[in-house]
Amino acid sequence: MPVSALAENLRVLLVLSDNTAPYQSFSRTFSQSLPAALHVSVLEHAEDFAVGTPQSDLIVTVGTKATVWVAAKTSTPILATMLPRNSYEELLSKHRRAKGMSAIYLDQPWDRQADFLHAVLPDRSRIGLLYSQGTHLDLSGLSKEISRNGSVLNLQLLNAPDALFSSLEALLDNNDVLFAIPDSVIYSSNNIRNILLTTYRHGVPLIGLSQSYVNAGALCAIFSTPEQIATQTSAAVLTFAQTHQLPDAQYPSSFTIAVNQEVARTLSVPLQSPETLRAQMDNAKRKMR
């Protein structure tokens, strides 16, 4: 049967963490990317999902909050999206639902980030990374990918929140770049402005996590938009309609590059356009094959 015909019989429930702009953008793109015959029910707040919620064949959760909430309340297959890989793996461990759950992560794979970093700053080989005790990331994997390009990842553990800026100063004194990771203890909304000011004083560029980081003063960032992840999710849903199997957990296939040329001029950093950086990353990938 055509995919569109199979999809007509699939009941999909989309559960958003909340109704703010990123989640609304995901919801809109997701629905538009599916056949018109496929009806998608949408809950705009995670708390709206309850045991009595109408039955569905597949639940797509958007964001960590929605995924945590729904996973605790149903045995229906779940495709979790727009959440970090470490959050998803912690959730799997807690609920032991590996066979009935999969994910499309929010974060970028380490090899892609390492290639991006090398394309942006090929002459800066000392990469500083500050992390807190609650960070559950494979930093050894990142270190391996960065070393592949001839650079060194220098890790600095933050032992206490009140030591943030003394630890940051020590890290910046000995490195050419500051690489941000999703660590809410360090990169909170309360800290980011002062972190950026500190990096400016040291003349060290910050590689951010999103467009908002670049807007705030990071040199650049590589990330996937809600629309890009939604498009990938809709394709996974159509595959599920055919196979009744969830895909393997995966990173975003599409990504966006954002740069801040004003920051580059301030720090005297030659910075290529997003299009040129993407081409350089593609060339590096082809050479590895």
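Reply: Helices (H or I, at least four residues) and strands (E, at least two) are DSSP runs, numbered from the N terminus. Residues are numbered from 1 along each chain as its sequence is written, and side-chain values use heavy atoms, with hydrogens and water left out. This is a predicted model, in which local features need pLDDT of at least 70 and side-chain atom pairs count only at pLDDT 80 or more, whereas totals for chains, interfaces and linings use all residues.

Me: What makes a space a cavity, and how many cavities of 30 Å³ or more does the structure hold?

Reply: On a 1 Å grid over the protein atoms alone, a cavity is a set of points where a 1.4 Å probe fits but cannot get out, while a pocket is an open set with protein on both sides within 12 Å along at least five of seven lines; lining residues have an atom within 4 Å of a point. Grid points are joined across faces, edges and corners, and a volume is the space filled by probe spheres set on the points. The structure holds one cavity of 30 Å³ or more, and the volume of the largest cavity is about 50 Å³.

Me: Which residues line the largest cavity, and which helix supplies the largest share of the lining?

Reply: The lining consists of Ala114, Leu117, His118, Leu121, Arg124, Ile127, Ile146, Asn149 and Ser151. Helix H5 (residues 110-120) supplies the largest share, three residues. If Ala, Val, Leu, Ile, Met, Phe, Trp, Tyr, Cys and Pro count as nonpolar, Asp, Glu, Lys and Arg as charged, and the others, Gly among them, as polar, this lining divides into five nonpolar, three polar and one charged.

Me: Why is the pair of Tyr105 and Tyr251 called edge-to-face?

Reply: Rings of Phe, Tyr and Trp (its six-membered ring) pair if their centres lie within 6.5 Å; planes under 30 degrees apart count as stacked, over 60 as edge-to-face and the rest as tilted. By this rule there are four aromatic pairs. The ring centres of Tyr105 and Tyr251 are 5.0 Å apart and the planes stand at 65°, so this pair is edge-to-face. It links distant parts of the chain, since Tyr105 is in strand E5 (residues 101-105) and Tyr251 in the loop between helix H10 (226-243) and strand E11 (256-259), 146 residues apart. Tyr105 has a relative accessible area of 5% and is therefore buried, whereas Tyr251, with 25%, is partly exposed.

Me: What makes the pair of Tyr187 and Tyr213 tilted?

Reply: The distance is 6.4 Å centre to centre and the angle between the planes is 55°, and the pair is accordingly tilted. Tyr187 lies in the loop between E8 and helix H8 (192-202) and Tyr213 in helix H9 (residues 211-216), so the pair ties together parts that are 26 residues apart in sequence. Both Tyr187 and Tyr213 are buried.

Me: How much space lies in the largest pocket, and which helix gives the most to its lining?

Reply: About 900 Å³ of space lies in the largest pocket. Of the 36 residues that line this pocket, the closest to its centre are Pro84, Leu106, Ile181, Pro182 and Leu209. H4 gives the most to the lining, with three residues, and the lining divides into 19 nonpolar, 14 polar and three charged.

Me: Why is Met82 called buried, and why does Ser268 count as exposed?

Reply: Met82 has a relative accessible area of 10% and is therefore buried, whereas Ser268 counts as exposed because its relative accessibility is 61%. Met82 lies in strand E4 (residues 78-83), and Ser268 in the loop between helix H11 (261-266) and helix H12 (274-288). Met82 has a positive phi of about 55° although it is not a glycine, and Ser268 also has a positive phi of about 55°. Most residues other than glycine have a negative phi.

Conventions:
Buried means under 20% relative accessible area, exposed over 50%, partly exposed in between (1.4 Å probe, protein chains only).
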